[in-house]
Amino acid sequence: MSDHLRLKVVFYKTEMGNEPVREWLLSLSGEDRKTIGEDVKTVQFGWPLGMPVVRKLDKDLWEVRSRLHNRIARVLFIVDENVMVLVHGFVKKSQKTPQKDLELAKSRVAQLRG
């Protein structure tokens, strides 16, 4: 991993000023937050990356893939210029990314770009 910062990381903000990904992260254990944070940092310093850390989900939508103690988490993001915008985070309960999580991330991206 290069020590050169490639992307600035920001949290998606709702019109009300909430940061859903930050709030979700704060609901997790310290150990899980640390794991996800390290994975986001890997992307931040190593972009562009592929599997197993990052996977493309849709046009301009990517996921950071984190393995937690007994489950897996995903942080969905876009890259705009040199900024990684974290738009959605969740703990996965099945192999496939749930459609509702994908749709939520896409609607947040649309709000950002709208």
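Colleague: Let's start with Lys34: what is the relative accessible area of lysine 34, and is the residue buried or exposed?

Modeller: Buried means under 20% relative accessible area, exposed over 50% and partly exposed in between, using a 1.4 Å probe and protein chains only. Lysine 34 comes out at 54%, so it is exposed. Bear in mind that this is a predicted model, where local features need pLDDT of at least 70 and side-chain atom pairs count only at pLDDT 80 or more, while totals for chains, interfaces and linings use all residues. Residues are numbered from 1 along each chain as its sequence is written, and side-chain values use heavy atoms, with hydrogens and water left out.

Colleague: Which residue forms a salt bridge with lysine 34?

Modeller: Side chains of opposite charge can pair when their charged atoms come close. The cut-off here is a side-chain nitrogen of Lys or Arg within 4 Å of a carboxyl oxygen of Asp or Glu. For lysine 34 the partner is glutamate 38, with the closest N and O atoms 2.8 Å apart. The two sit 4 residues apart in helix α2, so about one helical turn separates them. Glutamate 38 is partly exposed, at 42%.

Colleague: How many salt bridges does a search of the whole structure find?

Modeller: The search finds 11. One of them joins the side chains of arginine 71 and aspartate 32, at 2.8 Å from N to O. Arginine 71 is in the loop between β3 (61-67) and β4 (72-80), whereas aspartate 32 belongs to α2 (residues 30-46), so this pair ties together parts 39 residues apart in sequence. Arginine 71 is partly exposed at 33%, but aspartate 32 is buried at 7%. Helices (H or I, at least four residues) and strands (E, at least two) are DSSP runs, numbered from the N terminus.

Colleague: Which residues are linked in a network of salt bridges?

Modeller: Arg55, Glu63, Arg65 and Arg74. There is also a bridge between lysine 100 and aspartate 101, at 3.9 Å from N to O; lysine 100 is exposed at 63%, while aspartate 101 is buried at 7%.

Colleague: On to the sheet: what is the order of its strands?

Modeller: Two strands pair if DSSP finds at least two bridges between them. This is an open sheet of 5 strands with mixed pairing, ordered β1-β5-β4-β3-β2. β1 (8-11) and β2 (54-58) are the edge strands, each pairing on one side only. β3 and β4 pair in the antiparallel sense over 6 bridges, and valine 64 stands opposite valine 75 in β4.

Colleague: Which strands does α2 lie across?

Modeller: β1, β2, β3, β4 and β5 (83-92), and it runs at about 135° to β3. Angles run from 0 to 180 degrees between N-to-C directions, with axes fitted to C-alpha atoms, for helices over the stretch in contact. The buried residues of α2 include Ile36, Val40 and Val43.

Colleague: Which residues have the most contacts inside the largest nonpolar core?

Modeller: In soluble globular proteins, nonpolar side chains tend to be buried together. A nonpolar core is a set of buried Ala, Val, Leu, Ile, Met, Phe, Trp, Tyr and Cys residues joined through side-chain atoms within 4.5 Å. The largest one here has 18 residues, and Trp24, Ile36, Val43, Val64, Val75, Phe77 and Met84 have the most contacts inside it. α1, α2, β4 and β5 each supply at least two residues of this core. A second, separate core of 11 residues includes Tyr12, Ile78, Val87 and Phe90.

How values were computed. Contact means heavy atoms within 4.5 Å.
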